[in-house]
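Hi,

Here is the structure I promised to send over. Have a look at it first, and then read my notes below.

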Amino acid sequence: MKQGDKQVVTGRSIRLFLVDGTPNGILTAEIMNWTGHVLSAPRTRLPDFVKRAETGRTGIYFLTGPDEISPNKNRVYVGESDNVANRLITHNNDPRKAFWDKACVISSKDQNLTKAHVRYLESRLINIIQNAGRAILDNNTAPEYGYLPEADLADMEFFIEQIRIVLPVLGLDFLRDKTKSEAPKPESSSDTLMTCVNDAVPTFVLRSKKHDLEATAQQINGDFVVLAGSDARFTWEGVKGGYEALHDQLVADKILVNNGENRRIFAEDYSFSSPSAASNVILGRSDNGRISWRRKPTGETYADWQNSQIEHSMINAET
């Protein structure tokens, strides 16, 4: 965006370094003017990982991997230690922590993190993961943290903000807030579905006359968010596989709840990875969501709307 004749830069620069020269090995990540240092690696590289100086410092760490009961979700454990390497070795031999296949350690380049700091970070990050609901938390409770001076609290909150920026870049999105809709929620009657007047937050509708279904979604910051109150098929009716597991998982998690005969509704907003992922779950079968979702109020398909956005961006880039 421009403010007067000056360019207002809102981007952030994150420096990634592939220690082994491969994308599936040990990785470091840093943000300019942040004292934090992020180090991650697959569990298979643990012998080399724990040799790193960063793992011997005071810090916090995440253990992540697919959940055995709900494979569509990741399980995550948050911990802290004065010597993270020793804790990782302990967890590696703990049968109760068999789920994890990746470790991520966050320390400070200036080594100014204290035990009190990391206990605070651990407690806050556990609460953030619980509220985000994007992963299954392996911790039982968020531990109490001791007294921190006001200045330290402010520093740790800034530290957390940077962690929440870096981790999704590494494919760890469990600290991301739930994406909130910016339009009125749909109710059972299609007459109550309102048009979103904010062009920056497009609203799309999916209808099935055959099954008497209607769902509404918004694309917000790259997420395709189906709004609470939207309809969905009661069961998966398509061929086995595909998004069947996700449909069943949303039922198990009570995101999709019963609403009359042969129909469920979304009990809350839910973010999907794409329009097709959303339409597959809603219709209970394979579906091309780029065609079936239609923009309000124009009626154009999601694909046509996206293409128009691309053309508009190209025109603006040339002017």
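**Aromatic pairs**

Tyr61 has a relative accessibility of 0%, so Tyr61 counts as buried (buried is under 20% relative accessible area, exposed over 50% and partly exposed in between, with a 1.4 Å probe and protein chains only). Before going further, please keep in mind that this is a predicted model, in which local features need pLDDT of at least 70 and side-chain atom pairs count only at pLDDT 80 or more, while totals for chains, interfaces and linings use all residues. Residues are numbered from 1 along each chain as its sequence is written, and side-chain values use heavy atoms, with hydrogens and water left out.

There are 12 aromatic pairs in the structure (rings of Phe, Tyr and Trp, the last by its six-membered ring, pair if their centres lie within 6.5 Å; planes under 30 degrees apart are stacked, over 60 edge-to-face, and the rest tilted). Tyr61 and Tyr77 form a tilted pair, because their ring centres are 6.3 Å apart and their planes meet at 40°. This pair links distant parts of the chain, with Tyr61 in strand S6 (residues 59-66) and Tyr77 in strand S7 (residues 74-81), 16 residues apart (helices are DSSP runs of H or I, at least four residues, and strands runs of E, at least two, numbered from the N terminus). Tyr77 is buried as well, at a relative accessible area of 12%.

Phe204 and Trp305 make an edge-to-face pair, because their centres are 5.3 Å apart and their planes are at 75°. Phe204 belongs to strand S10 and Trp305 to helix H8 (residues 302-318), so the pair ties together parts that are 101 residues apart in sequence. Both Phe204 and Trp305 are buried. Ring pairs also join Phe204, Phe224, Trp293, Tyr302 and Trp305 into a cluster.

**Charges over rings**

Lys97 lies over the face of Tyr77, 4.5 Å from the ring centre, and the charged end of Arg264 sits over the ring of Phe234 at 3.8 Å from its centre. For both, the rule is NZ of Lys or CZ of Arg within 6 Å of the ring centre and within 35 degrees of the ring normal.

**Nonpolar cores**

The largest nonpolar core has 32 residues, and those with the most contacts inside it include Phe62, Ile106 and Leu125 (a core is a set of buried Ala, Val, Leu, Ile, Met, Phe, Trp, Tyr and Cys residues joined through side-chain atoms within 4.5 Å). S4 (27-31), S6, S7, S8 (102-108), H3 and H4 each supply at least two residues of this core, and the largest share, 7 residues, comes from H3. Apart from this core lies another of 22 residues, among them Leu206, Leu213, Val226 and Phe272.

**Two buried polar residues**

His117 is in helix H3 (residues 115-132) and is buried, with a relative accessible area of 10%. A polar atom of the His117 side chain lies 3.5 Å from the backbone oxygen of Asn112. Leaving out residues up to four places away in sequence, His117 touches Asn112, Leu148, Asp152 and Met156 (contact means heavy atoms within 4.5 Å).

Arg233, in strand S13 (residues 231-233), is buried at a relative accessible area of 7%. The Arg233 side chain makes a polar contact of 3.1 Å with the side chain of His211 (N or O atoms within 3.5 Å; within protein, one must be able to donate a hydrogen and the other to accept it, and residues adjacent in sequence count only if both atoms are side-chain atoms).

Best wishes
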